[in-house]
Amino acid sequence: MNASLKTVGTRVSYHNTVGRILASTEEHIVIDFDSYSEPKIIDISTAERALGKTLMLMKPGIIESRFRDVMTVKEEIDVARKSQYVKELEKVSGKRKVGGSKIRKRAIMRCAKALNDSNPPSPATLARWARDEYDHSLGVARSCLTARKRRFPSYPELRDAAMECIDEHYLTTSLPTYQYVFDIFVVKMKKDGYEVNSLPCYQTFINWIDEIDPFEQSLKRLGRKATRATRRNAVKKLKTERPLERVESDALSLAIGLVDDDGLFLGYVTLFFVLDCHTRSILGYQMNIGRGEPSSCVIDAYRHALCPKPVGTFSKECESDWPMYGAIECAVSDGGKGYSSVETQSFLKVAGSSSEILATYSGWEKPYIERFNGTVRTQFAQNLPGYCGRDPRKIADATIREQAVMTPAQFKAKLERWIVDEYHHTEHSGINYKAPYQAWTEFYQESGDSPMVPANLEAIQLPFSEELWRKISGDVCHQGIAIGNVRYNDSEGHLKRIGLKLRSRGEPAFVKASRSIMDISVVKIVDPFTDERHLIPANDSAIEPGMSLAEFEAKRVKGYKNKGHHHVRVLADDDDIKELRLKHSAKVRKHRERKAITATPDDLTRSVQETEVSFISQCKGDDESPSTSRTTSVLDDIDFDSLEGYQDED
């Protein structure tokens, strides 16, 4: 037990209430508080646990009115920061020693780098902190608690009402300001009968808000994702000793749309990368058209990383090779649905790899793949036509559809060429400014080994098939899909169900199909809703199981020959047909002549005059004035100017 607790008269602060040791025994101590008439008896074990936390030893002469009743969270963080600097100084200078200026500078440099502190203390300030830690009962907390004179909080009856207002109006996702919430609080208190002069001021109200746990504020105002990012803390640097020891995986959605060969919009691009942390090499990837993280795409990305990639399995545009592959020791990924699914974890188990699932929204725990995703956006995607970037004004669905020009085959070829020929041969600061290709090849050249492959490589071997996106045809998706001159459909209705479900969601009825050129009798499709794989047979009975594409093309009767000429048209030069065509043309022309003709101003004048003569003859000698006036009025009512320019159609 601390000897000062046994000394009668020692000034202490217990739960921020100041007093002195009145008596001390082997089992208890008695504290006489200045603000209470009755002393408090505390057992020795409780006092030892509270010492330095809620029980503080004080020296005579400290102005007690400067102590705050409760230390704020900001002050606790500041005290922890100062303690770290003092502990680092002890490592350099020795126990309870301040050391010289050079020693303190060295301690400041080390601690500032570890804490990532952009505003480290000066050597003189660190010396003052160290003396407080060694000589004062409050340690480095002395500089926080005695920094300025603080008033004990008044308005105890209004504090609860203020906290209710803060909880209701400030801790919301709409992110209101201090002033907005304070104005609501004042109006509410005035309605309850309080005078404005009796209410706490604006600064006091802000102090009450600042006393709330910052993590609680972030959770209620910014959400879980932002709060998790706020809680991150850099305590150590990830370090690996060999390739494939730690492999990170993640999905990346790009604001770029793809179209098929006919220009029809397919969807958006999602990429699944597998990155080796030791060499920063890309072990494998998979491309998917659509949003989300299907387990099938995640498994295909891992399969691509595990298996060798000889020339011919990636883009023919690549000039370099792709030697990165091998059995993964530990696969690190987030808790996304595709990565944490039973199918994916089972696949990794079969491949002999362990798995580490991180918490969602914790990108800093897999920093290498997150950094690579940024590199993909800035160095690859920005060079592609149709990429809309990360600007919310440009990534609307309609905008992506309008700007989509690349086909899946083109996108895949450009991505593989960028990875193999550019990224793998670019110096990386994280691996001593070596290129990933250089770091990978040097390691295995020095060790004399080659990457280990899974024991059951045959079971997970890369499929040597082409992957195509094809439209499910038909009004009700009943015609299946077509690849080249072969149409595929199944009697079970898998294609029909997928196509109708996609259309019901307002999406194009496209499905991903895999076909080997060595056997075109079946194709493999992936259900985008269940991740199930189905074998769809060819409809052509002439295609036998195991028939290659070359065999089919050799046996198929070509419909395009003689430059497209099919057969003779016998009716084109028939004499009867020619004569009937002449009669038909005359009949059509006669019918056109009977059509109504638009009148000109002269025609209208002539017609009115003829009508006048007819009207006079019918009157048989009656007075001409009625007819004359009638004719004049009719002609006056016609707007001849508006009829100018009219011409007969014929």
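**Close-up 1. The largest nonpolar core of this predicted model holds 56 residues.** Start with Phe273, Tyr302, Phe372, Phe411 and Leu415, the residues with the most contacts inside this core. If you wonder about the general pattern, nonpolar side chains in soluble globular proteins tend to be buried together.

**Close-up 2. Here is Tyr302 with its contacts.** Which residues does Tyr302 touch, leaving aside its neighbours within four places in sequence? They are Ser249, Val274, Ile328, Ala331, Ser333, Tyr339, Thr344, Phe347 and Leu348. Tyr302 itself is a buried residue of α12.

**Close-up 3. Helix α12 is mostly covered.** How many of its twelve residues are buried? Twelve of them are, including Ser295, Asp300, Arg303 and His304. The helix covers residues 295–306, and you can check its length yourself: at 1.5 Å a residue it should span 16 Å, and its end C-alpha atoms are 16 Å apart, so the two values agree. Follow α12 and you will see that it lies across β6, β7, β8 and β9 (330–333), running at about 150° to β8.

**Close-up 4. Five strands make an open sheet with mixed pairing, in the order β8-β7-β6-β9-β10.** At the edges sit β8 (282–289) and β10 (354–357), each pairing on one side only. From one strand to the next, the twist averages 25°. Look for β6 (residues 247–259) and β7 (residues 265–276): they run antiparallel and are joined by eleven bridges. Within this pair, Glu248 stands opposite Leu275 of β7. Helix α15 (residues 367–380) also lies across β6, β7 and β8, at about 20° to β6.

**Close-up 5. Another open sheet has five strands in the order β4-β3-β2-β1-β5, and its pairing is antiparallel.** Which strands are at the edges? They are β4 (40–43) and β5 (55–58), and each pairs on one side only. Neighbouring strands in this sheet are turned by 40° against each other on average, direction ignored. To finish, find β3 (residues 28–33), which four bridges join to β4 in an antiparallel arrangement. Here His28 stands opposite Asp43 of β4.

Note on methods. Residues are numbered from 1 along each chain as its sequence is written. This is a predicted model: local features need pLDDT of at least 70, side-chain atom pairs count only at pLDDT 80 or more; totals for chains, interfaces and linings use all residues. Side-chain values use heavy atoms; hydrogens and water are left out. Helices (H or I, at least four residues) and strands (E, at least two) are DSSP runs, numbered from the N terminus. The expected span of a helix is 1.5 Å times one less than its number of residues. Buried means under 20% relative accessible area, exposed over 50%, partly exposed in between (1.4 Å probe, protein chains only). Two strands pair if DSSP finds at least two bridges between them. Axes are lines fitted to C-alpha atoms, for helices over the stretch in contact, and angles run from 0 to 180 degrees between N-to-C directions. Contact means heavy atoms within 4.5 Å. A nonpolar core is a set of buried Ala, Val, Leu, Ile, Met, Phe, Trp, Tyr and Cys residues joined through side-chain atoms within 4.5 Å.
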